[in-house]
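Open the model in your viewer and follow the stops below in order. Each stop says what to select and what is found there.

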Amino acid sequence: MRWSKPGIAPAAVALFCAMAIAGAVPGQQLTVYTSQASYSPPVFDRGGKPYIAVADLLSPVGASAPHLKGKEWRLELNKAEARFTAGKDKAAIRGQEADLGGKALVEDGRVMVPLAAALPLLSRLLNTTVDFHQPSRRIFVGNVSMRFTAEFKDGDAPSLVLNFSQPLKLLDSSHEEDHSGLLLTHSNKTTLTFRKDPLVSDLNKQDFGAGAIQSLSFTEENGTASITVTGNKPLQIIRSEDGKTVTLQPQAPAVAAAPEPAPQSIPATAESQRRGSEFFVMIDPSHGGNDKGASFGGKLVEKDITLRLARELRKELEERGIATRLLRDSDIDLSLERRAEITNEQHAGLYVAFHAGRPGKGVRVYASFLTDPQQPLASRFMPWESAQSGALGRSQIAARAVSDELRKKGLTVANLAMPVRPLNNLASPAIAVELTPEIDDPQSLENQKRQNSVAAAVAAAIAQVRSQLGGRP
Amino acid sequence: MIPRHFQITIALVLLAILISGVVIIRITHKEEALTLQAAEAAPVAPVVGGKQEHIQVLLAYDDDQALRWRPADVFLPADRGLRARETLRYVLSQYLQTPSPHPLGKGSEIKDVYFISDDTMIVDTTAPFADGHPSGILLEEMTLTSLIETLTANVPGIAKVKFLVDGKERETLAGHADLMSFYQTAAVHELAKEFE
């Protein structure tokens, strides 16, 4: 199974061994944030200069492995090519010369470039804006960054409420003198470390006085962002259900004395387990990049309509406290297979793909149709082409609920079962929603009110059947 | 010294040879273009014999998003593979007519069909069949369902069908309908009910 967990441990061991052999600086990493995922390639020291392996940087975004052709090492990404020559400080990217900031090295078939070269490589190959926070080694591809606001409440029960613009994927905490693994602090300093979330802030430090909560500071280093809160008492951290709010408040004596933390307080060990089961909706704006999807005349193409619908659904779901992730938030190429892999790897609670197409009018809602149902190969493995079989019942529940909500909005709806790629490759409940033009009026696909109506109906249906899909109501 | 009238004669002869050469080259190119055009328009497989049979074909109608059975008189060979190919080619020929109930890209054709086991068939299509297919979930699924249902109605014993495009696997027909999977004909029979 392509998303099997047992594969992660050997991969981690292999990566560790490779890093040790290759001379990676222990603990030093770069973090790349994309709309699909974040990843942290190791940083190597070569002559006192930080280097990264080109494959580590570009493979996660879909680049081919570098291969030797003549004296040049070549790789492809999105039909664009990058060429490197060992010992040269220039590379050719999309046919144009780019300064790498140092010589390219080739070690055991691995092409290494200075860390600074990550910016031209990603921005030119992906053809998108890239923001590189070089001192802290954090790279933001496209418009992925998330921000936070801090609200301090003084008084007898002071608290500091951190509101994040997106639900937190991962929240690690460390406390200088606390090794218990609980989120209850025993020192005057609590640090929240964000390794996977693209958190940025213009705030360096904010003082709140000399009470239980005294200051907040934001720092970035070594591929991570951190919020540090100081005070004169241990602090308790409470994370909201939707993952968008974190509240810090002095530890209550009763809670401190209790054998187990309060229900909202998440032990660090349990937190990692909960991450895997946290319900979120993976929204797929189908097509993108060179794949325009269906054309409706002029510049109106399916890939743009699906992206607008996806963003609208994200807004609607988040207003209802349901976490979301977008498979693409810009005009990029992403294969159907990769979309399924990402969704399976992240264990989405529900996958919703948007489409737009002819003929007909209204909206069509699709659940999967298994063209060739197969038995599982073993208890934990499913054939790729029928991975959906275990979730088909829940997909049908979701599809029916969405259809019902769309009808309530006065839309013409058809509820169908079709082998739409990649529904059959998904292990989670999965549906596709296809918006069709009103009679002979392709421009109706761009109608904002209609798009809002569809997104609101889909969100309402998901909120309604969330508990049946595996999420908490 | 060569007389002047002789020089003029030689010059005229050379000019005539040059003009003739140009004309011949142009005619040759035109012939080649016509031959190529004819070859592209012609079926990629030879026309086969067989007796005329009265069969039922399931055709897609875009206007009402439906598939409907229609009678047809088609020459079908006795050989099972050839019979399957001719049946599918007949369906595509209906879609390539003008006006068409379900327009497909010019050059859409069945290149070949072959059995990989007694009940499992591979259908190899031309590149324009996929490249020129209108993109859309329903349109793509209607095409595949129409072909598979017509095939199983007229060539008994086929349990599974898979489509190739120009001899290679392709992920989708035109961005939506799954082409990687084998289609169980019994399952497609259920799928066809979605279009009733």
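Two packed helices are described by the angle between their axes and the distance between the axes. Turn the view to look across the pair: the crossing of H4(B) and H5(B) is left-handed.

Now show the residues where the two helices meet. Which residues of H4(B) meet H5(B)? They are B:Thr145, B:Ile148, B:Glu149 and B:Thr152. On the H5(B) side, select B:Thr185, B:Val188, B:His189, B:Leu191 and B:Ala192. Coloured by class, this contact shows four nonpolar, four polar and one charged residues.

Next, display both chains. Here 23 residues of chain B are in contact with 25 residues of chain A. On the side of chain B that touches chain A, H4, strand S6 (183-184) and H5 of chain B each supply at least two residues. The largest share of that side, four residues, comes from H4(B). How do the residues of this side of chain B divide by class, and how many are charged? There are nine nonpolar, eight polar and six charged.

Move to chain A and select its four-stranded sheet. This sheet is open, with the strand order S3-S2-S14-S13 and mixed pairing. Strands of a sheet pair through backbone hydrogen bonds, either parallel or antiparallel. The edge strands are S3 (38-39) and S13 (130-133) of chain A, each of which pairs on one side only.

Zoom in on S2 (residues 31-33) and S14 (residues 138-141) of chain A. These strands run parallel and are joined by three bridges. Pick A:Tyr33 to find A:Phe140 of S14(A) standing opposite.

Last, colour the model by confidence. Chain B has a mean pLDDT of 89, with 91% of its residues at 70 or more. Where pLDDT is low, the predicted coordinates should not be read in detail. For the complex, the predictor gives an ipTM of 0.74 and a pTM of 0.55.

Methods. Residues are numbered from 1 along each chain as its sequence is written. Chains are lettered from A and ligands numbered from 1 in the order in which they are written. This is a predicted model: local features need pLDDT of at least 70, side-chain atom pairs count only at pLDDT 80 or more; totals for chains, interfaces and linings use all residues. Two strands pair if DSSP finds at least two bridges between them. A crossing is left-handed if the near helix is turned anticlockwise from the far one by less than a right angle, and right-handed if clockwise. Two residues are in contact if their C-beta atoms, placed from the backbone, lie within 7 Å. Ala, Val, Leu, Ile, Met, Phe, Trp, Tyr, Cys and Pro count as nonpolar, Asp, Glu, Lys and Arg as charged, and the others, Gly among them, as polar. pLDDT is the predictor's confidence in each residue, from 0 to 100.
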